[in-house]
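Come along while I look things up one by one.

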Amino acid sequence: MFVNINAHPGSQPKVLGELGQLSRSRVILSEFRYDSGTEIFGQAEPADYIYQVIEGAVRSHKLLSDGRRQIGAFHLIGDIFGLENGAEHRFTAEAIVDTTVRLIKRCSLEHAAESDAMVALDLLNMTTSNLQHAEEHMLLLGRKTSLERVAAFLMEMDRRLSAAGVMALPMCRRDIADYLGLTLETVSRALSQLHGKGILDFLGQTQRQIVLRDRTRLADLGL
C-alpha cells in the first residue's frame with residue numbers, strides 16, 4: 001500500500017538539487033510512502049510523473065517472456081527515476097523497503113524547462129546519467145565474469161551507500177542476482193570468495209551490512 005504524506009501545498013518541501021530550485025507555483029510536488037514490495041508504477045503505464053527517493057530504496061525491473069526478472073537499476077536516497085523519453089514507463093518500479101518518494105508532474109517540469117535554462121540543463125544531465133548507467137550495465141552483463149560482476153556491483157554500492165565504513169545494502173541477494181544476470185547461488189558463492197580473500201567482512205545475520213577491507217583488490221576485480 002502507499003500513503004500520501006504531503007497532501008497540502010503549504011507543506012511541500014523544495015525539490016532536491018538535481019531538479020533545481022523551483023517555486024511551488026511552477027512545479028507541484030507531492031510525497032507518498034510505499035510499503036516494502038509495493039509497486040510505484042508499472043511497465044507500460046503512462047509516464048505522467050517523475051520520482052525522487054526521499055527515504056528507502058526502489059528497484060526498476062522488467063519481466064522476461066520466460067518469467068525471469070531483469071532489474072535495470074536500483075534507486076537510492078536522492079536518486080531521480082521514472083524520467084522517460086516516451087509517453088509510457090519502460091520498467092516497473094517497486095519499493096525494496098518501506099520507502100518515501102517525491103512525485104513531480106512531468107508536464108510541470110517540462111513547462112519550467114522551457115523558460116529556465118538551469119532546469120533544462122538538469123533534465124539533460126539526468127538523461128545523460130541514465131544513458132551512461134545503461135551503457136555500463138550492458139557492459140557488465142555482457143563481458144564480465146560472475147566474480148567481476150559482483151565486485152563491480154559492490155564498488156557501485158560503495159560509492160552510493162557507504163557511511164561510517166559500513167555498506168548497508170537494502171536489497172537482498174535475489175535482487176542482486178537479477179541485477180547482475182546471475183543465479184542466487186552464484187552471487188552467494190562470489191561473496192563468499194571475496195570474504196575468503198579478506199576483501200570484505202559481513203556484519204549481522206542477514207549479511208546485508210558489508211565492510212570493505214581491501215578496496216584496491218576489489219577494484220582490480222571489478223574493472
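**Entry 1: the model itself**

I note at the start that this is a predicted model.

**Entry 2: the cores**

I looked for nonpolar cores to begin with. The largest has 32 residues, and Phe 153 and Leu 154 have the most contacts inside it. I then checked which elements supply it: strand S6 (69–75), helix H3 (146–161), helix H4 (173–180), helix H5 (184–196), S11 and S12 each give at least two residues. The most comes from H3, with eight residues.

Which residues does Leu 154 touch, leaving out those up to four places away in sequence? I found Met 167, Leu 191, Leu 194, Leu 200, Ile 210 and Leu 218. A second, separate core turned up too; it has twelve residues, including Tyr 51, Val 58, Val 101 and Leu 103. I jotted a general remark beside this: in soluble globular proteins, nonpolar side chains tend to be buried together.

**Entry 3: helix H3**

I went back to H3 for its length. H3 has 16 residues and spans 22 Å from first C-alpha to last, close to the 22 Å expected at 1.5 Å a residue. Among the buried residues of H3 I listed Leu 147, Val 150, Phe 153, Leu 154 and Met 157.

**Entry 4: helix H1**

Where do the buried residues of H1 fall when I look down its axis? I first wrote down which they are: in H1 (residues 106–115), Arg 106, Ser 108, Leu 109, Ala 112 and Ala 113 are buried. They fall within an arc of 160°, so they line one face of the helix. On the face turned away from that buried side I found His 111, Glu 114 and Ser 115, which are exposed. The cover over the buried residues of H1 includes strand S4 (49–55), strand S9 (99–105) and helix H2 (117–143).

Next I traced an open sheet of three strands, in the order S10-S12-S11, with antiparallel pairing. Strand S10 (167–168) and S11 are at the edges with a single partner strand each, so one side of each has no neighbour in the sheet.

S11 pairs with S12 (residues 209–212) in the antiparallel sense over four bridges. Leu 200 stands opposite Leu 212 in S12, and the bridge partner of Asp 201 in S12 is Val 211. The hairpin of S11 and S12 has five residues between the strands, and Gly 204 in this hairpin takes a positive phi near 80°.

**Entry 5: another positive phi**

I also came across Ala 44, whose phi is near 75°, a positive value in a residue other than glycine. Ala 44 sits in the loop between strand S3 (39–41) and S4. Its relative accessibility is 44%, so Ala 44 counts as partly exposed.

**Entry 6: salt bridges**

How many salt bridges does a search of the whole structure find? The search finds twelve, and I followed a few of them.

Arg 59 and Glu 94 meet through their side chains at 3.0 Å, N to O. This pair links distant parts of the chain: Arg 59 is in strand S5 (residues 58–63) and Glu 94 in strand S8, 35 residues apart. Both Arg 59 and Glu 94 are buried. For Glu 94 the relative accessibility is 16%. Other residues that Glu 94 touches include Thr 38, Ile 40, Val 58 and His 61.

Arg 69 forms a salt bridge with Asp 175 at 2.8 Å, N to O. Arg 69 is in strand S6 and Asp 175 in helix H4, so the pair ties together parts 106 residues apart in sequence. At 2% relative accessibility, Asp 175 counts as buried.

Arg 69 also bridges to Asp 178, with the closest N and O atoms 2.7 Å apart. Asp 178 lies in helix H4 too, so this pair ties Arg 69 in strand S6 to a part 109 residues away in sequence. Asp 178 counts as buried at 13% relative accessibility. Salt bridges with shared partners join Arg 59, Arg 69, Glu 94, Asp 175 and Asp 178 into one network.

Note on methods: Residues are numbered from 1 along each chain as its sequence is written. This is a predicted model: local features need pLDDT of at least 70, side-chain atom pairs count only at pLDDT 80 or more; totals for chains, interfaces and linings use all residues. Side-chain values use heavy atoms; hydrogens and water are left out. Two strands pair if DSSP finds at least two bridges between them. Buried means under 20% relative accessible area, exposed over 50%, partly exposed in between (1.4 Å probe, protein chains only). The arc is that of the directions from the helix axis to the C-beta atoms. Contact means heavy atoms within 4.5 Å. A nonpolar core is a set of buried Ala, Val, Leu, Ile, Met, Phe, Trp, Tyr and Cys residues joined through side-chain atoms within 4.5 Å. The expected span of a helix is 1.5 Å times one less than its number of residues. A salt bridge is a side-chain nitrogen of Lys or Arg within 4 Å of a carboxyl oxygen of Asp or Glu.
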